[in-house]
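Here's a quick briefing for anyone opening this one for the first time. Take a look at the sequence and the model, then read on.

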2 protein chains.
Amino acid sequence: MNTRRDFLKKMSGMGLGLLAAAGVGNSLSCSKPGPTVTLEKTTLVTVTAAPATAFVSFPWPYQKLDPLKAADKAYSNFARGRCMYAVFESIIGMLRDEYGAPYKSFPTAMMKYGAVGIADWGTVCGALNGAAAAISLFIDADPAEEIINELFYWHSLTALPDYKPSSTKFASIPASVAGSPLCHQSITGWSKLSGFTTNSQERVERCVRLSASVTRKAVELLNQKTDGIFKAAYKVPDGVTACLVCHGPGSVQGDVHTTSETNCLRCHEVLDPATHPAAK
Amino acid sequence: MNTRRDFLKKMSGMGLGLLAAAGVGNSLSCSKPGPTVTLEKTTLVTVTAAPATAFVSFPWPYQKLDPLKAADKAYSNFARGRCMYAVFESIIGMLRDEYGAPYKSFPTAMMKYGAVGIADWGTVCGALNGAAAAISLFIDADPAEEIINELFYWHSLTALPDYKPSSTKFASIPASVAGSPLCHQSITGWSKLSGFTTNSQERVERCVRLSASVTRKAVELLNQKTDGIFKAAYKVPDGVTACLVCHGPGSVQGDVHTTSETNCLRCHEVLDPATHPAAK
């Protein structure tokens, strides 16, 4: 981990540098310590500096975090806003606690929306949505997509959760391979494997731990990217590539826009032999 | 539309009031007009006030917008960051342009991550992800979920896009009913209906217009909520309720956590009569 001084030095080459160049630096001198104000319903923040770094240029600066501590944060944050919030708030919150601005200006509570695949629709796993949002705050466009892609493959092909809290009332929380980035498929698959219903306390604990697992992995990937040592471990599986030969962008059918997936047959379980040559 | 003065008056009862109570108000007097600085790669913002409202309490204040103007913004913003960014930036950007802080502190460019269902994975429609994020910035928890739920049903059951730009080079962009909030299903369904491949210019134009449609609807819903006249028009379809009798939370199977959906058979096309009683 680098020091706070290193980080502020790094910042001076980014947003603060821009502010100084723009003649806004004077406003910084107006800052002074103050009492606490409510940033969001669940968090009190001490005002120690004028929030001029709210104007930091995009993407925001990232400073390496301890992946295990971030996972622990996510485990405890889950109860205040569930999966998407837990992941996003844990990463941004650790930076906020350590460095203050610009992170303290981010209304992380907005990320509660991702729970149960967004408003109970079971679409994308909220932990992944939160991690993708955090990654995209620190890395722009295609490089961000590369990290998110790696995270999504890891999530979909790894037995999760692989995080265990230091103390727990649960004897065992089974792990399962989701084979998908979707909340519905991930939870239903786990429920069938474990035998626990989806509204059981065990299922909730599974999602709490999964949020911690995803946070840890996201921080590991961000740290690797920061150190310039990130290297993708996953690629599009051969089975998916085979489907995209006929269905992907630029192909004969050209009716599938998605290019990253673990297994098309996860949803397309039965191919009609009357209309699908490969199924004959 | 209310005036800027009305809005600032409203704000004084929220974040600015908190700041004043906390003794941070003095820092506001340090603000002064300044030159432009880079907020994000694509946007220049004039610094006209100290960004003290970055400490506005959550959720952030919403001020009614013109839905048609917001849709036009989304149509033009798409090219700079695609679907999720287009929707989110259009809503936040209109508030930023009109009111400045706290909206100018939000790094909207981070929302580029939602394109093609997040990093090409075809999960949740990026326009929906962006709209849900914006709604959740202004409305907390369950009330936000109610608005998002309405938006998702409208998106999934309405022939879209229903937005047409004032001028266009395209003779016709067909509309389709996605029957799903997922990017992959939405685009593939449209491609099959229209006959255009998913990497055609027509498909891109379809998603640009769909982003505008979703922005318009999201603003309409936010305005209705602001006026206290929001009323949900959609409910869980009978077909989905029938599935949840056995599979939903608290049921015999209890293996499905998702409770909002348009049609379970959209994915579960073939039910095995050997294992599924209803299919016998």
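Predicted model: local features only at pLDDT ≥ 70, side-chain atom pairs only at ≥ 80, totals over all residues.

Residues are numbered from 1 along each chain as its sequence is written, chains are lettered from A and ligands numbered from 1 in the order written, and side-chain values use heavy atoms, leaving out hydrogens and water.

**Helices tucked inside**

- In α7(A), the buried residues include Cys183(A), Ile187(A) and Trp190(A); buried means under 20% relative accessible area, exposed means over 50%, and partly exposed is in between, using a 1.4 Å probe and protein chains only.
- Among the things covering those buried residues of α7(A) are α6 and α8 of chain A.
- Over in chain B, helix α4 (residues 126–138) has 13 of its 13 residues buried, so the rest of the structure largely encloses it.
- The 13 residues of α4(B) should span 18 Å, and the end C-alpha atoms sit 19 Å apart, which agrees.

**Two helices crossing in chain B**

- Helix α5 (residues 141–157) and helix α7 (residues 201–227) of chain B have axes that come within 10 Å and cross at roughly 140°; axes are lines fitted to C-alpha atoms over the stretch in contact, with angles from 0 to 180 degrees between N-to-C directions.
- Residues that meet there include Trp154(B) and His155(B) from α5(B), and Leu221(B) and Lys225(B) from α7(B); contact means heavy atoms within 4.5 Å.
- The residues of this contact split into eight nonpolar, two polar and four charged. (Ala, Val, Leu, Ile, Met, Phe, Trp, Tyr, Cys and Pro count as nonpolar, Asp, Glu, Lys and Arg as charged, and the others, Gly among them, as polar.)

**Salt bridges**

- Side chains of opposite charge can pair when their charged atoms come close.
- Over all chains, the structure holds 16 salt bridges, each being a side-chain nitrogen of Lys or Arg within 4 Å of a carboxyl oxygen of Asp or Glu.
- One of them joins Glu145(A) and Arg82(B), at 3.9 Å, N to O.
- That pair crosses between chains, from helix α6 of chain A to helix α3 (residues 67–99) of chain B.
- Arg82(B) is partly exposed, at 35% relative accessibility.
- Arg216(A) pairs with Asp162(A), with the closest N and O atoms 2.8 Å apart.
- This pair links distant parts of the chain, 54 residues apart: Arg216(A) is in helix α8 (residues 201–227), and Asp162(A) is in the loop between α6 and α7 of chain A.
- Arg216(A) is buried at 15% relative accessible area, whereas Asp162(A) is partly exposed at 37%.

**Two loop residues**

- Ser176(A), in the loop between α6 and α7 of chain A, is buried at 8%.
- Val177(B), in the loop between α5 and α6 of chain B, is partly exposed at 49%.

Methods:
Helix = DSSP H or I, 4+ residues; strand = E, 2+ residues; numbered from the N terminus. Expected span 1.5 Å × (residues − 1).
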